[in-house]
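Hello,

Here is the structure you asked about. My notes on it follow below.

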Amino acid sequence: MALVQVGSLDDLRPGGVLEFRQDNREVAVCNVNGKLFAVDNRCPHRGGPLAMGALHGTLLVCPWHGWEFDCTTGVCAFDPGLSLRRYPVHVLEDRSIAVELD
């Protein structure tokens, strides 16, 4: 498992989303009231960039067609049988954000 530093906590305020790419993977890191969650960045509907959408509470909304995903669980609000992959997130001592990728 690789721990990848993706940014600083100082740059990701509550209600914000940070996008990063590592190799062929795209991940969105969401700040929900100070707690961080990471999910795949591409909407399974048509591949929309979720980090470019809005974060309403825990719902990450795809900017292309409005599909909503709970960033804390990865589950789609419209179809609970559909979900995004989740990744563990850590805040390091220097306030940098790191995501575990396998």
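**Around S96**

A polar contact of 2.6 Å joins the side chain of S96 to that of D94. (A polar contact is a pair of N or O atoms within 3.5 Å; within protein, one must be able to donate a hydrogen and the other to accept it, and residues adjacent in sequence count only if both atoms are side-chain atoms.)

Before going on, note that this is a predicted model: local features need pLDDT of at least 70, side-chain atom pairs count only at pLDDT 80 or more, and totals for chains, interfaces and linings use all residues. Residues are numbered from 1 along each chain as its sequence is written, and side-chain values use heavy atoms, with hydrogens and water left out.

S96 sits in strand β10 (residues 96-101). Strands (E, at least two residues) are DSSP runs, numbered from the N terminus. S96 is buried, at 7% relative accessibility. Buried means under 20% relative accessible area, exposed over 50%, partly exposed in between (1.4 Å probe, protein chains only). Leaving out residues up to four places away in sequence, S96 touches Q5, G7, S8, H90 and V91; contact means heavy atoms within 4.5 Å. The C-alpha atoms of S96 and E19 are separated by 14 Å, and the two residues are 77 apart along the chain.

**The sheet**

An open sheet of 4 strands runs in the order β2-β3-β4-β8, with antiparallel pairing. β2 (17-22) and β8 (86-87) are at the edges with a single partner strand each, so one side of each has no neighbour in the sheet. Strands pair if DSSP finds at least two bridges between them. β3 (residues 25-32) and β4 (residues 35-40) pair in the antiparallel sense over 6 bridges. V27 stands opposite D40 in β4.

**Cysteines**

How many disulfides does a search of the whole structure find? It finds 0. The cut-off is a pair of cysteine sulfur atoms within 2.5 Å. For C43, the closest cysteine sulfur is in C62, 4.0 Å away and too far for a bond. C43 is buried, with a relative accessible area of 4%. C71 is in no disulfide either; the nearest cysteine sulfur, that of C30, is 3.9 Å away. C71 is also buried, at 2% relative accessibility.

**Aromatics**

The whole structure holds 1 aromatic pair. W67 and F78 form this edge-to-face pair, 6.2 Å centre to centre with 85 degrees between the planes. (Rings of Phe, Tyr and Trp, the last by its six-membered ring, pair if their centres lie within 6.5 Å; planes under 30 degrees apart count as stacked, over 60 as edge-to-face, the rest as tilted.) W67 is partly exposed, with a relative accessible area of 23%.

Best wishes
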